[in-house]
Amino acid sequence: MFPTSIKRSVFLLALATSSLACDKLDLAPSDSIDPSKAFRNINDLNMGLLGAYAVLDYTLISSNATVSDEVMLPTENNVSNTDAHRWLYNAGSGSVTSAWGQYYTTIDRVNRVLAALDQVTVPAAEQALKDRYQGELLALRAYSHFELLRAYAASYEPEALGVPYMKVSVIGTPGRDTFKAVIDNAKADLIAAKALIPASFNDKTRITKTGVAAIQARVALYEKNWPDAITYSTEVIQATPLATRAQFPGIWTDANEAEVIWKLKRVVGDARIGDFFFRQNGSIVLFAPAFKLINSFDADNDVRYAPYIKSDANRGAGKSTYLVNKYIGGTASAPGLADIKLFRTGEMYLIRAEARAETAGGLAEGANDLNALRTARITGYTPMAFASKEALISAVYTERFKELAFEGHRFFDLKRRNLPVERLPADAINTSGAVRLEPTQAQYSFPIPALEISVNKNIIQNPKY
């Protein structure tokens, strides 16, 4: 993996340096920490866990938006990720391969702390806290592998090429586990994690017991395990109600945490997710909301429209009238700096609606879930009935397009159903003809990074790259 290649280089350099030191002064290295001394007490374990959380960012949100049909490339953007938007990416394109290194770095940090847990003896009064840290670590490992799977699996079928599931920090050349093997390992980690995290723990910037259930629901959706998807999404829905219409806009300005299950807290100095869509320096719209997305909303009555999409007719000639408003806020001193919402209750309603649609006799209940979400979001909405499973699933996909816009789902949603990415002509004026991406094309899956292929003899590239 990408971290493995880094560690190999560091290892070789350290070996050479160590030999020289032995020849000269026989001194121990001063730029590394003995693992046996890095974790000595409960606070050290927490610091290690926080270090694993710290690596996570909005990488898959940005790459997902870039390659899907939820954004368009305005003329004013001549500086950022244009090749990825035109589906010209390959194994050397950091815009779609950087997540590999990021998530495996998180996983490596998690595994290092997990390995130290048994070596750290704590007072009886701290055992429950130690158990909770272990639960968070296991859940974070499962989540990180699953996000890698969403991005880099050759397909979402059981025997398809997945990603290596790493349970120890080791220098090696692991091969790709199957999609099913990754799912099974993630499920096992999540079950163990849930047993260790107390229900009373409610810090939404970390993984809570409800957060574990949310991850389990999403994993079940991709596995097509409809009973589990219903069970776990229901658990989350019962624990965390939908935001009211009055609360909903405040989610995106971090004024409240209504219906947020897990988010990445961002502070001054962190990368700003808003900068990916709108560059404050020069006031450049890098990616604008697609007209396909804009047209799907009832702009007058849908509470999601204004927090997600901003219209500014005064930006001037050659400038996009529309901007992604979801992350443009922040504060006056740090515009574009917003917490990254990884799981919300709105997604759980859509997971349950889809799972119920796929379950015999579940059409009416699935429709109730979709109607409940729409009623919460759209003023004056009249609940609908659906004549078939296909009609309901199509409506759920339309709603996911709107509800989860710019949250890192659209491209993977289309892949789940083996559907092409289709852009409106109006959204493709600067894409050099990149209007339709078929499931048969290489770029329908992200490539394994070239560096990984070059250093790991057991890694196989995704088809057609």
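# Exercises on salt bridges and burial

A network of salt bridges links Glu259, Asp302, Arg304, Lys326, Arg344, Arg374, Arg377, Glu399, Lys402, Glu403 and Glu407. The structure is a predicted model, and 43 salt bridges are found in it.

**Exercise 1.** State which parts of the structure the salt bridge between Glu399 and Arg374 ties together, and classify both residues as buried or exposed.

Solution. 
- Step 1: The side chains of Glu399 and Arg374 meet with an N to O distance of 2.8 Å. The cut-off for a salt bridge is 4 Å.
- Step 2: Glu399 belongs to helix H17 (residues 389-403) and Arg374 to helix H16 (residues 363-377), so the bridge ties together parts 25 residues apart in sequence.
- Step 3: Buried means under 20% relative accessible area. Glu399, at 0%, is buried, and Arg374, at 8%, is buried too.

**Exercise 2.** Find how Glus399's bridge to Lys402 is placed in the secondary structure.

Solution. 
- Step 1: In the salt bridge of Glu399 with Lys402, the closest N and O atoms are 3.6 Å apart.
- Step 2: Both Glu399 and Lys402 lie in helix H17, at a separation of 3 residues, which is about one turn of the helix.
- Step 3: Lys402 has 8% relative accessibility and counts as buried.
- Step 4: Glu399, Lys402 and Arg374 are among the residues linked in the network.

**Exercise 3.** Work out how many residues in sequence separate the parts tied together by Asp339 and Lys263, and whether each residue is buried or exposed.

Solution. 
- Step 1: The side chains of Asp339 and Lys263 form a salt bridge at 2.7 Å, N to O.
- Step 2: Asp339 sits in the loop between strand E7 (322-324) and strand E8 (340-344), while Lys263 is in strand E2 (residues 260-264), so the parts joined are 76 residues apart in sequence.
- Step 3: The relative accessible area is 1% for Asp339, which is buried. For Lys263 the value is 5%, and Lys263 is buried as well.

Notes: Residues are numbered from 1 along each chain as its sequence is written. This is a predicted model: local features need pLDDT of at least 70, side-chain atom pairs count only at pLDDT 80 or more; totals for chains, interfaces and linings use all residues. Side-chain values use heavy atoms; hydrogens and water are left out. Helices (H or I, at least four residues) and strands (E, at least two) are DSSP runs, numbered from the N terminus. Buried means under 20% relative accessible area, exposed over 50%, partly exposed in between (1.4 Å probe, protein chains only).
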